[in-house]
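I want to work through this model step by step. My notes follow the order in which I looked things up.

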Protein chains: 4
Amino acid sequence: MSKRKICVVVTARPSYSRIKTALKAIQAHPKLELQLVVAASALLGRYGNAINYIEEDGFKIDEKVFIVLEGENKTSMAKTTGLGVMELANTFYNLKPDAVITIADRFETIATSIAASYQNIPLIHIQGGEVTGNIDEKVRHANTKLADIHFVASEDAKTRVLKMGEDENYVFNTGCPSIDIAFKVNKNRSLNFDPIEKYGGVGNKIDWKEGYIVVMQHPVTTEYKESRENVYKTLKAVHELGLPTFWFWPNVDSGADGTSKGIRSYREEHQPDNIHFFKNMKPEDFLRLLCNSKCLVGNSSVGIRECAFLGVPVVNIGTRQHGRQRGENVIDVPYDEIAIKEGVLNRLEMQNKITQNNIYGSGKSGEKMADILANIELRFHKTIMY
Amino acid sequence: MSKRKICVVVTARPSYSRIKTALKAIQAHPKLELQLVVAASALLGRYGNAINYIEEDGFKIDEKVFIVLEGENKTSMAKTTGLGVMELANTFYNLKPDAVITIADRFETIATSIAASYQNIPLIHIQGGEVTGNIDEKVRHANTKLADIHFVASEDAKTRVLKMGEDENYVFNTGCPSIDIAFKVNKNRSLNFDPIEKYGGVGNKIDWKEGYIVVMQHPVTTEYKESRENVYKTLKAVHELGLPTFWFWPNVDSGADGTSKGIRSYREEHQPDNIHFFKNMKPEDFLRLLCNSKCLVGNSSVGIRECAFLGVPVVNIGTRQHGRQRGENVIDVPYDEIAIKEGVLNRLEMQNKITQNNIYGSGKSGEKMADILANIELRFHKTIMY
Amino acid sequence: MSKRKICVVVTARPSYSRIKTALKAIQAHPKLELQLVVAASALLGRYGNAINYIEEDGFKIDEKVFIVLEGENKTSMAKTTGLGVMELANTFYNLKPDAVITIADRFETIATSIAASYQNIPLIHIQGGEVTGNIDEKVRHANTKLADIHFVASEDAKTRVLKMGEDENYVFNTGCPSIDIAFKVNKNRSLNFDPIEKYGGVGNKIDWKEGYIVVMQHPVTTEYKESRENVYKTLKAVHELGLPTFWFWPNVDSGADGTSKGIRSYREEHQPDNIHFFKNMKPEDFLRLLCNSKCLVGNSSVGIRECAFLGVPVVNIGTRQHGRQRGENVIDVPYDEIAIKEGVLNRLEMQNKITQNNIYGSGKSGEKMADILANIELRFHKTIMY
Amino acid sequence: MSKRKICVVVTARPSYSRIKTALKAIQAHPKLELQLVVAASALLGRYGNAINYIEEDGFKIDEKVFIVLEGENKTSMAKTTGLGVMELANTFYNLKPDAVITIADRFETIATSIAASYQNIPLIHIQGGEVTGNIDEKVRHANTKLADIHFVASEDAKTRVLKMGEDENYVFNTGCPSIDIAFKVNKNRSLNFDPIEKYGGVGNKIDWKEGYIVVMQHPVTTEYKESRENVYKTLKAVHELGLPTFWFWPNVDSGADGTSKGIRSYREEHQPDNIHFFKNMKPEDFLRLLCNSKCLVGNSSVGIRECAFLGVPVVNIGTRQHGRQRGENVIDVPYDEIAIKEGVLNRLEMQNKITQNNIYGSGKSGEKMADILANIELRFHKTIMY
């Protein structure tokens, strides 16, 4: 019997961490064949070169799809998506997959959904049913309505997808594959590398051995203009706290330049000597860095998911993770310098009282997904359940 | 105070009938300014030249957007949509509307939704919440999830949109503007023109004065290959019934050629002398023709909506209108020659027993829409309600 | 040693006839590997389905590239070309050819030229150096300036390409591969099939056995609006002459509808009973039909090339073949009913006095091309020679 | 009488300097109306934000066209061009210009040429007939063959355009408008601003008052991979010479990252304390900076044109300006550290012996162009002259 061809489209660095163990599990499954498409910012150096990590992890890439249109504005975000539909339509026409996987809620993920569903290819959506506060919110739920099968990451999310009218026989709480990586790291949490030595980065060579915090702050699309202002507040708070800090540059989206420029200009003006900056890090290394940190500051979803599983304290800033189910490890603060500082101090105090939890999975998500994909009846025809 | 600019994107002939009275009402409203974009098949001769009707009705067109990619397959349907996103992104960037309206569920309507929502322009979706049986089903609900404001056509539909997690302050049962046209026609139902004289068409000059039936059958996307076979069954049934018949060519979508070719080859083989074929007709004239017919046969949504209001008997064939609320005027039959013939005979009997109903509106939908658009607080930021 | 991969892009039915024997020769050559891309109107039913002929001839198609944008105007011609550049850029990126061949001067052929030359892939242009009277003129010479190697069809053409500043080591008069087919047909010129029986077509079943003429008239781009008027004149002339006539529908380009509509409306009005219409015919059959005709009427380049080799009399109408070297078989007439009729009568008289000539090749063009492609030093870097 | 609408498409910072005085002259001409389109890298911050300069100069921009596709490779260069054709086709359709101007030979300029010529809009090409050594060579001459009117910058160039078969009534040696700016600067050559104070930049605050050199080195497309290596050699030579140096970052094209990365990594490794880096400078200021420099080093065309007129010594490195007519101010050297150093020393010696010349115009090019545009018979139909 011929294997089912499962085509996964990875469009960004964070999406790759979200799917990596599922890719491995699909690849390893006797009834499945993996078709891997890398597209959009995942191909580009200035957004972290996800493609390099993917290749280092031993994956063969079936097609590279260049679609990012320069423009540093919302119009180009829309046009990138349109171009994505056109290019991915060709890709699927040529690869002839039995099913396509689209991941989460970045703006360009809807291109995968349209290119597949319009060609009657069964579509699997990963991480539907969550709640956030900007264009991602619209994109995620639209992906749900275009998809035939749903792999969600929590019970909360499953409830929401079902309420939206999806068929319960096609909605699965698999947990998030990112937890699979955390699961492995959790078995041995020691920091077995020197971050600056291994990853270089820029800024002062801070003395992190006595303890450090980690910062990762992304722009929020609907707050485009404020990105720069907001990151300044975090920078100021972190600078003033004076703790050794590893700061990660943001992913791209239409406000990326706001945030990045904010960081650049703060650095030039203030040369914060307690902060060392990284572009990116291997997911395992990043999680290991978090395990050994005092806390994570910013608005990354890693704070909500992996840090829940690993029991790492988190200061979550602003609206970006709004509405996502969270564990006791998280404290929420607004875009406010004083609130951020207080948040960090609070987490330092709580550090040893935080327990690990399984809201977002228990470490076998990739395998669960592969098993379902191998055995479920694929369909591309659905009707709302009410 | 400057007027609110409401940009409406019309992409097909049937969408125009669905929105025409709303366009008039927006145009006439003292607080609103209409921006009219005509795109996709609405611009093309071989899909009925909707643009001509629009211009004849006195509308000024702000932009024409050519996006239909030839290919006669599903890949080109996807690529047309992708190109639509790109082109409409420019259009909205240039026109700077305060809100954009996307209509119903044709595949390319999601291009309007993406181009507007990704640029943070409030999006109004018309005719969400309905249920059908193919790609339109996915597109319609995805449009709902991308949209900020919903104008639905029935209570059924409203309930569904709310269940999907939309905010009740932004969901309005306005009825369908197509009923506004039926409302006018209903005041004087007489057939005040000679159809063949006024519209030409091809085929025998049938003697329709003693009674006739009307047929309109569209292809169904997920049944792509069967389009030809299915239309053959209807042709045979109608041919054998021998009643004077006006037959309307289908709209385009990816199976259009199947249906059109079916009709063409049946004509060449059998030269059915009781059937006269039309390409299209002004909406008012078409409704008037229906009012005076014995029944409508096929799978057009006109049978479900306008015919409910007008009390015209309908033989609805196959799955295309599956799941849409219907009145007692409709009898459903499968793609089957005998069932179709029996359906027609049944309707001929029932003809005088059918009453008119208001499921899809009472004739003031366009005005209702304009009033809401003028006064509602526009927003482009929403969160699922559960 | 690995074979040189030669990628040929066929975008239209007439281009295929121009290149077919070269495709066969490349395929058969021990040092070459053929990569065949079929694109644009060559894929579409309403432009003659060239793809079917290509597949029937036993070629494997490496990629199909859909780019024709509907619009029936010049804007869509430009946009089709732009889309062609984008899609073919991907195609070449994936196929990684050692050289790419672009054919002649249709508007979309420049897409092939740009997609190849911009990616530093050596580009071969077929049939440069000719002269015509519309956008093709610009496209052809621009193709020459983007190309690295030139296969021209006549001495005239070679001289022109050299004058434009190309390097004589890279310009070859190979003749036109279309003559290779004529060469085979010429060995046995008998009409070994019944045209109407084999190809159907529409219109009266004319009695062609005692002699017939053939008509093929294409629209001329810069005379867009006059296409309809011009074809009317030819129709009237041919109708009035009353000779049994086989008429071939035009290829597509932006005026196609003008010509096609002209033919359709003339047929409806006048029902010319001496004319039988064909959509298309296998090239060999078409040439055989010409060999046995009294003359060819219209503006097809077949009249200039193949008919020169075969010694078939030609009435060439209007400006489309303006500036192309021609043999004594051709008489030129303007768009004028009387002139056309006189032209035909003149050719009927001359019929037996016309000799065959080799202006456009002697029947080995395909093989010559393959040999050069196998042995020439490929380059993608050139400088004007003065 | 209505004014002739002349639409100029500016796609990059250097093109703007090439056309600025012509824009002013068109704007000022009583019989002309300027339509200004800014596209491609001219819109983007990381390629020097030409748009800001254009707006500061008081021009109203009729349309902004975003087309640059990220990808850092040749495929994306082709796709950017294809997208440019599509977008500019719309632009011209909407603006309805009487003529379109395309500038020089950057890869995306052919998009302007196709979008105009395919829509039968008369096309003027600026700076045809020159000779260089990469894809620009092909693009420039293809632009010539698509254009109807030619404004060339030197007698050499005029001769070449005529040889290519263009009609002498439509080829004009107007000189280069960039010389018009040099002409103004030449009237008062003093350095009336402090470069570092006015433009910031990065690197050491060099002491330039006793003399300095200027460097501007762009990547060369066909030497894609060597860009980084080549710029390293120049950096090393300039660093070792130890003269105070102002270095300008390169424009974008597909190798831009190679050059830019080369500069960045050299700076990090060697921190050359005699070099100060600028992103860009107003054209007048830049020319003034050159007038007062000891010499210009690199491969910019400014060295060939403006520096000829201004009598500034130039060390021209490598193949980029290959084949362009040059004055005695230029010495050519290969990509070689020692040769570059010797070249600079040679120019320092010759500094006072160099005279100014008018090869590329005498300072009235913009006005000449406007006058011709106002009075010439526009056409979009041409035939090669032999």
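**Entry 1: the sheet**

I started with the strands of chain A. They build an open sheet of 7 strands, in the order β3-β2-β1-β4-β5-β6-β7, and the pairing is parallel. I keep in mind that this is a predicted model.

Which strands stand at the edges? I found β3 (63–65) and β7 (171–173) of chain A there. Each has a single partner strand, so one side of each is left without a neighbour in the sheet. I also looked up the twist, which averages 20° from one strand to the next.

**Entry 2: one strand pair**

Next I picked β7(A) and its partner. Strand β6 of chain A, residues 149–152, pairs with β7(A) in the parallel sense over 3 bridges. I then looked up A:Phe151, and its bridge partner in β7(A) is A:Phe172.

**Entry 3: helices across the sheet**

I turned to the helices. Helix α1 of chain A covers residues 13–28 and lies across β1 (4–10), β2 (32–39), β4 (99–103) and β5 (123–126) of chain A. I noted its angle to β1(A) as about 165°.

Helix α4 of chain A, residues 109–117, lies across β1, β4 and β5 of chain A. Helix α4 runs at about 160° to β4(A).

**Entry 4: the two chains**

How is chain A superposed on chain B? A rotation of 180° does it, with 0.0 Å of shift along the axis and an RMSD of 0.1 Å. The two copies are therefore related as by a two-fold rotation axis.

Last, I checked the interface. Of the interface residues of chain A, 100% are also interface residues in chain B, so the copies meet through the same surface.

How values were computed
Residues numbered from 1 in each chain as written. Chains lettered and ligands numbered in written order. Predicted model: local features only at pLDDT ≥ 70, side-chain atom pairs only at ≥ 80, totals over all residues. Pairing = 2+ DSSP bridges. Helix = DSSP H or I, 4+ residues; strand = E, 2+ residues; numbered from the N terminus. Axes fitted to C-alpha atoms, helices over the stretch in contact; angles between N-to-C directions. Contact = placed C-beta atoms within 7 Å. Least-squares fit on C-alpha atoms with pLDDT ≥ 70 in both.
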